[in-house]
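The following note sets out, point by point, what may be read from the structure shown below. Please keep the structure in view while reading.

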Amino acid sequence: MSIYIDTGTRLLVQGITGRDGSFHTRQAIEYGTRVVAGVTPGKGGTTFEGVPIFNTVEEAVLATHANTSVIYVPPLFAADAIMEAAAAAIPMIVCITEGVPVLDMTRVYPYVKEHGARLIGPNCPGLISPGASKVGIIPGRICAPGPIGLVSRSGTLTYEVVNQLTKAGLGQTTCVGIGGDPINGTNFVDCLEAFQADPATEAVVMIGEIGGSDEQDAADFVRAKMTKPVVGFIAGRTAPPGRRMGHAGAIVGGAGQTAADKVNALRAAGIPVADRPVDVVGLVRERMSSTVAK
Amino acid sequence: MNIHEYQAKELLRASGIPVPPGEVATTPEQAEAIAKRFGGTVVVKAQVHAGGRGKAGGVKLAKSPTEAREVAAKILALTIKGLPVHKVLVTPAAEIVHEAYVGLILDRVCKRALFMVSPAGGIDIEEVAASTPEKIRRLPVDPRYGLLPFEALSLGYFLYKEASKARAAARIMAQLYNAFQSAGASLAEINPLVTQPDGSLIAVDAKMVIDDNGLERSPAIAALRDESSEDPSEIAARKANLTFIKLDGNVGCVVNGAGLAMATMDLVQYYGGQPANFLDIGGSSNPEKVVNALKIITADPKVRVILFNIFGGITRTDDVANGIVQALDQSPPTVPLVIRLTGTNEEQAVKILAARGLSAMTDMDAAVRQAVKLGAAA
């Protein structure tokens, strides 16, 4: 089992013929993801690696019944691509593109909600349900099927932690990168709720960072609603205030947004927080065994 | 992207908001000439991308053109929060009856543009929020409809009792929203919005921050960037498509991915060291990026050791290894390198480095410990 994507995922790739889109489409096919369609305006009627290409998302959905879309289009066109997917009634939209103007996202967010779709990202590595489906750019070989759910605002830091989990024999149900932008479609609470409801997930790792208050909301949710153990890590303890640390959303912009604030909020909710990435595995093991003992 | 006060005021003026006249001077003599043209008392204001200009001595009144020249000379010699002042704005001093605050930000919690207004203007809005939060009114704008007239008017009435002023303020709110949208801003602030003795409103100080992501759409806005007001290493990094932030420590960091870069800096500090920078070489890194990254880091004389932390997902670690070798060929750094790489094409990377007599580690924790040790020993 898993959350958001599984063996029933029928993937559409928006921007399938671009540099990133073509590379990661090959990787996804190799991993076993069912890539059913691609969209590149002007290239409708052709194919890529045997996948039919359409001019519009609407045509692609009618012809292939795609139920998930992944977006690799350039930043200034990403908002339109997301809304096109939502308008075509695709329920799961994953936007990998980095650098989408935040004002664009203020329009995209309510549009996606109105159309009943879930958006993951933008500026995210996507998600993977090991052994079942891979949507986005998380390298398949560092993951393995297992009982851990993982949700993160980061890309490579996620790989670092997933790699350690896998090496320690702790496979994953689903790893979700929700992205580092200030306005994104899916937050920690959404993923925690899904992991809590997923029978195969036994424990959750959440990787947060400076900026915003999503981690605090997650802490409140864990305290009130979660029975499964959660372990945290927060990046950006050394980040100077007021500076954007690479991710558009990683900026300490006011009260409660520092790494220390977030670590305190998680710990106050009973969530152990690793001081070093290498400590995550130990904390997960500890919490899993104590939960079983209860 | 930060823009200067005088540039923000130009954008506000273009959208119809009343702004006092003002001209920019780069020399004391120019400031004197401008003050002479305006006549009467002027304010000379440092144009620099830093808050707290007033407290740092960067904003001064001048009662005569001679005095304007003198204070301009002092201000142009200032460095405020590490940034040298190259320009001053000379503007007639406003007569102030009342000061209000009007701000518009992109708010991540409500996921909308959010107005924040307060009748207690002229000071930091953070102070008002902390001491008298009831004096701040917040209004998120639905992007589908924009700022509706009744919303603008309700903000106006929160600031002023008189209908005429409330209406004038409402007009300014609508104009500010338009300026914010067309500039692709993430913040626009009028502080103070001044009531003059005749009852009219005027934006005496203004600040705008532009979202870099949208700059490609509006070349006119992109042209407002003032590179003389930025750290040279950060300009070099931007041109090389790297994200770089200079810090005070001695462990230079080259990392792929922002989250891993932050975690690497944190780990340096955990082991008792101090990071010299944040640097993200991004996802699909070509060797050229690594060469540029090394140039930028070694330009900092404080750096005693350079730590590479590369987790190859999309990034191919052999690309990074080639970049390191090329950089060493061009200009061998005088400080030791600690290289941690793992992931995609790791075996090739290790071979490439070994051929140059370099060894690579695979464990992040061990590599950071090693870098901190070398930084402390140097």
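**Note on the predicted model**

1. Within β4(A), F54(A) is the bridge partner of V39(A). Strand β2 (residues 34-39) of chain A pairs with strand β4 (residues 51-54) of chain A in the parallel sense, over two bridges. Two strands are said to pair if DSSP finds at least two bridges between them. Helices (H or I, at least four residues) and strands (E, at least two) are DSSP runs, numbered from the N terminus.

2. This is a predicted model, in which local features need pLDDT of at least 70 and side-chain atom pairs count only at pLDDT 80 or more, while totals for chains, interfaces and linings use all residues. Residues are numbered from 1 along each chain as its sequence is written, and chains are lettered from A and ligands numbered from 1 in the order in which they are written.

3. The strands β2 and β4 belong to an open sheet of seven strands in chain A, ordered β3-β4-β2-β1-β5-β6-β7, with mixed pairing. Its edge strands, β3 (47-48) and β7 (118-120) of chain A, each pair on one side only.

4. Together, β10(A), α5(A) and β11(A) form a right-handed β-α-β unit; right-handed means that, with the strands pointing away from the viewer, the path from the first strand over the helix to the second runs clockwise.

5. As a whole, chain A has nine helices and 14 strands. Its radius of gyration (taken over C-alpha atoms) is 19 Å, close to the 19 Å that the globule rule (2.2 Å times the number of residues to the power 0.38) gives for 294 residues, so chain A is as compact as a globular protein of that length. The C-alpha trace of chain A spans about 55 × 40 × 30 Å along its principal axes.

6. A residue is buried if 20 or more other C-beta atoms lie within 10 Å of its own, exposed if 12 or fewer, and partly exposed in between. Buried residues make up 61% of the 294 residues in chain A. A nonpolar core is a set of buried Ala, Val, Leu, Ile, Met, Phe, Trp, Tyr and Cys residues joined through C-beta atoms within 7 Å. The largest such core has 201 residues, and I71(A) and M173(B) are among those that touch the most other members. Helix α6 (residues 163-183) of chain B contributes the most to this core, with 10 residues.

7. Finally, V372(B) lies in helix α13 (residues 364-377) of chain B. Is V372(B) buried or exposed? It counts as buried because it has 25 C-beta neighbours inside 10 Å. Leaving aside neighbours within four places in sequence, V372(B) is in contact with residues including V251(B), V268(B) and Y271(B).

Key
Two residues are in contact if their C-beta atoms, placed from the backbone, lie within 7 Å.
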